[in-house]
Amino acid sequence: MVRIIILAIVAYFAWRYYGWYGAAGTIGVYVVLILTLSTINANRAHKAAQRLINKKLSEDEKMHLAATQEHQQKMHDRMAQYNPELRKPRE
């Protein structure tokens, strides 16, 4: 919300001093900047997740992960009783 307000203020000043081309250029640069930053953040998060996945797990962590996966499978099977979309085989 704050980003949109800041964009509106900057676009207003660009429109006031440079006309519609200035406002459109400002908004275009803003969109490109936001898309670039979100891609960089997504890549960082993906690398962090891969690092965590590749980390060697202790025995307690393995037991916890197995129990969690088993619980998720049971919940999925239970929901599949009521939702035909979930009955499709998983890949």
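From the N terminus on, the elements of the protein chain run α-α-α, and the chain holds three helices and zero strands, where helices (H or I, at least four residues) and strands (E, at least two) are DSSP runs numbered from the N terminus. This is a predicted model, in which local features need pLDDT of at least 70 and side-chain atom pairs count only at pLDDT 80 or more, while totals for chains, interfaces and linings use all residues. Residues are numbered from 1 along each chain as its sequence is written, and side-chain values use heavy atoms, with hydrogens and water left out.

**Overall form**
- Taken along the principal axes, the box that the C-alpha atoms of the protein chain fill is roughly 65 × 40 × 25 Å.
- Of the 91 residues in the protein chain, 8% are buried, a word that stands for under 20% relative accessible area, with exposed meaning over 50% and partly exposed in between (1.4 Å probe, protein chains only).

**Helix 1 against helix 2**
- Helix 1 (residues 2–18) and helix 2 (residues 20–54) pack at an angle of about 150°, and their axes are 6 Å apart; axes are lines fitted to C-alpha atoms, for helices over the stretch in contact, and angles run from 0 to 180 degrees between N-to-C directions.
- The two helices are therefore roughly antiparallel to each other, since angles under 35 degrees count as roughly parallel, over 145 as roughly antiparallel, 65 to 115 as roughly perpendicular and the rest as oblique.
- Residues that make the contact (heavy atoms within 4.5 Å) include Leu7, Val10 and Trp15 of helix 1 and Trp20, Thr26 and Tyr30 of helix 2.

**Two residues in their setting**
- Thr26 lies in helix 2 and, leaving aside its neighbours within four places in sequence, is in contact with Leu7, Val10, Ala11 and Ala14.
- The C-alpha atoms of Thr26 and Val2 are separated by 16 Å, with the two residues 24 apart along the chain.
- His71 has its place in helix 3 (residues 59–80), and at 47% relative accessibility it counts as partly exposed.
- Between the C-alpha atoms of His71 and Asp60, which are 11 residues apart along the chain, the separation is 16 Å.
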